Amino acid sequence: MTIDQIQNEIISEFDMFNDWTEKYEYIIDLGKSLPVINDAFKTSDNTIKGCQSKVWLYAEYINNKLIFTADSDAIITKGIVAILIRVFSNQSPKDIVDAKTDFIEKIGLKQHLSQTRANGLSSMIKQIKLYAVGYLNK
Amino acid sequence: MKNTTGFNIASIREDFPILRSKVNGKQLVYFDNAATTQTPKVVIDAIVSYYSTLNANIHRGVHSLSQKATEAYEGARKKIQKHLNAKNSSEIIFTSGSTHSINLVANGFIDLLKSGDEIIVSYLEHHSNIVPWQMLCEKTDAIMKVIPMNQDGELIFSEYEKLLSNKTRVVFVNHVSNALGTINPVKEIISKAHEFGAAVLIDGAQALPHFEVDVKDLDVDFYVGSAHKFYGPTGVGILYGKEKWLNKLPPYQGGGEMIDEVTFEKTTYAKLPNKFEAGTPNISGVIASGIAIDYINNIGLKTILKYENALLKYATEKLLEIDGIKIYGNTDNKTSVISFNLGNIHHYDIGSIIDNEGIAVRTGHHCAQPIMDYYKIPGTIRLSLSFYNTKEEIDSLISAIILAKKMLS
């Protein structure tokens with residue numbers, strides 16, 4: 001699937017929820033299914049700064065695609081990273097660099113983009129895109 | 001809520017327009033008072049009224065409006081002087097906040113310290129009462145020593161006594177810990193420091209909203225606070241300094257207002273308090289801060305303290321009924337702050353969930369990372385109560401935490 005297709009799939013999934021508790025329960029479940037980063041890669045280099053919770057993100061370049069793994073000490077953050085990984089992992093660097101990120105607002109997680117919280121979510125997206133930029137010409 | 005403390009909570013809440021607002025579709029429950037307190041209508045009105053009827057630059061103008069604005073501004077200084085029981089109003093300096101006040105003093109000590117001199121900080125400080133002094137140490141090669149804390153979140157006084165010596169120049173401790181609510185024995189800390197000739201700065205940001213402070217009785221050399229934490233506007237800070245100390249410190253910033261005479265060869269500085277108030281100050285904010293002082297004095301800080309302590313007791317008991325709650329800072333002598341965690345659940349997760357229920361608490365390290373390191377935790381959830389909060393609001397918080405626990409376990 002393309003990044004756009006995955007984003008649309010996520011938007012329609014989130015449309016089904018009637019209230020915030022259902023949405024958050026889903027995010028928490030996603031957190032539990034996050035492709036977890038190998039402990040060896042939980043280094044300060046792979047830590048995303050600016051989050052209230054700790055976030056580690058690691059990328060591997062396999063068959064011209066970037067494969068992301070991550071972890072966080074907070075389960076909601078883990079769920080949000082899981083959504084980002086579902087969108088951006090196993091995609092080409094160019095597609096990742098070009099991707100829009102307005103789906104976050106559409107699924108009602110904009111509050112996690114606020115200056116205080118995320119610095120979190122914005123920093124995660126920035127880091128994903130930075131990885132992609134790094135592999136753009138390889 | 002039953003009125004046991006001599007004030008009408010419903011009418012108090014009417015004074016604060018923001019308390020009627022909704023957040024995420026839910027009635028706002030505001031429990032982040034240690035970060036900033038809400039603003040009563042009289043204070044908001046004072047700001048509007050200043051710009052509608054009084055706006056002029058102070059101290060300089062001969063015209064009537066400027067004189068009126070000056071009177072109102074200096075009137076606020078006298079209110080603060082009286083409130084803190086300072087000897088002279090010239091010992092009250094207006095700054096932009098506690099942080100600014102601390103930086104002003106720490107910066108002034110650059111000229112007064114030499115290599116090998118010692119300064120003492122406490123483990124319980126906000127970063128704003130650590131970092132300016134660390135910068136001072138870097139510039140002067142002075143050495144910083146730290147008063148340790150115990151598991152209950154109290155400073156260990158006997159250890160403090162061991163740190164003091166003839167090399168000690170400054171001691172800086174908060175009156176109340178922002179992260180835990182611990183009320184420190186500042187009078188004893190000050191008197192011990194004075195035995196060694198050291199100056200003492202007390203950060204009163206978390207004390208002024210809750211109880212009476214008498215700088216003469218404390219015999220404190222510097223006392224700082226922020227208006228937005230005692231129901232005033234943001235951008236106004238207070239620095240009380242004993243005249244002899246304020247005269248010793250050099251000016252912090254140069255500019256208008258703070259001069260006596262200026263030539264290109266040499267400038268002589270104005271007397272206190274103007275020496276430390278370069279430029280046009282936050283005139284409306286200062287005047288409104290005076291109104292905030294009037295407001296809390298009209299209710300009475302003794303009444304406020306009694307009510308807040310009852311709320312603290314209620315909230316502590318209710319929280320502890322939830323299995324897995326651990327409260328950090330268990331001293332008997334604390335303000336209405338509860339710092340806690342729930343089992344192994346991350347504070348951020350709890351904060352995010354209960355925010356959806358309209359409840360505002362603070363999560364994180366509360367700008368007091370050494371305390372979190374001491375307890376070996378990344379942060380806590382901090383509930384900080386004000387006299388406009390109610391038992392019903394605490395019940396809402398408890399329900400929200402139980403919901404969060406269910407969702408996150």
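**A close look at Ser128(B)**

A: Happy to. Leaving aside neighbours within four places in sequence, Ser128(B) is in contact with Thr99(B), Ile102(B) and Asp203(B). Please keep in mind that this is a predicted model. Is Ser128(B) buried or exposed? Its relative accessible area is 11%, and because the cut-off for buried is under 20%, Ser128(B) counts as buried.

Now to the place where the chains meet. Here 17 residues of chain B are in contact with 16 residues of chain A. Between them the two chains bury about 1400 Å², and carbon and sulfur atoms account for 56% of it. On the chain B side, the residues that lose the most area to chain A are Tyr348(B), Asn356(B) and Met407(B), together 44% of what that side buries.

Which elements of chain B supply at least two residues each to the side that touches chain A? They are helix H12 (347–355), strand E16 (362–364) and helix H14 (391–408). The largest share, 7 residues, comes from H12(B). Sorted by class, this side of chain B has 8 polar, 5 nonpolar and 4 charged residues.

As for specific pairings, 5 residue pairs are in polar contact between chain B and chain A, with both residues at pLDDT 80 or more. Salt bridges across this interface number 0 by the rule applied.

Technical notes
Residues are numbered from 1 along each chain as its sequence is written. Chains are lettered from A and ligands numbered from 1 in the order in which they are written. This is a predicted model: local features need pLDDT of at least 70, side-chain atom pairs count only at pLDDT 80 or more; totals for chains, interfaces and linings use all residues. Side-chain values use heavy atoms; hydrogens and water are left out. Contact means heavy atoms within 4.5 Å. Buried area is the accessible area (1.4 Å probe) that two parts lose on being put together, summed over both. A salt bridge is a side-chain nitrogen of Lys or Arg within 4 Å of a carboxyl oxygen of Asp or Glu. A polar contact is a pair of N or O atoms within 3.5 Å; within protein, one must be able to donate a hydrogen and the other to accept it, and residues adjacent in sequence count only if both atoms are side-chain atoms. Helices (H or I, at least four residues) and strands (E, at least two) are DSSP runs, numbered from the N terminus. Ala, Val, Leu, Ile, Met, Phe, Trp, Tyr, Cys and Pro count as nonpolar, Asp, Glu, Lys and Arg as charged, and the others, Gly among them, as polar. Buried means under 20% relative accessible area, exposed over 50%, partly exposed in between (1.4 Å probe, protein chains only).
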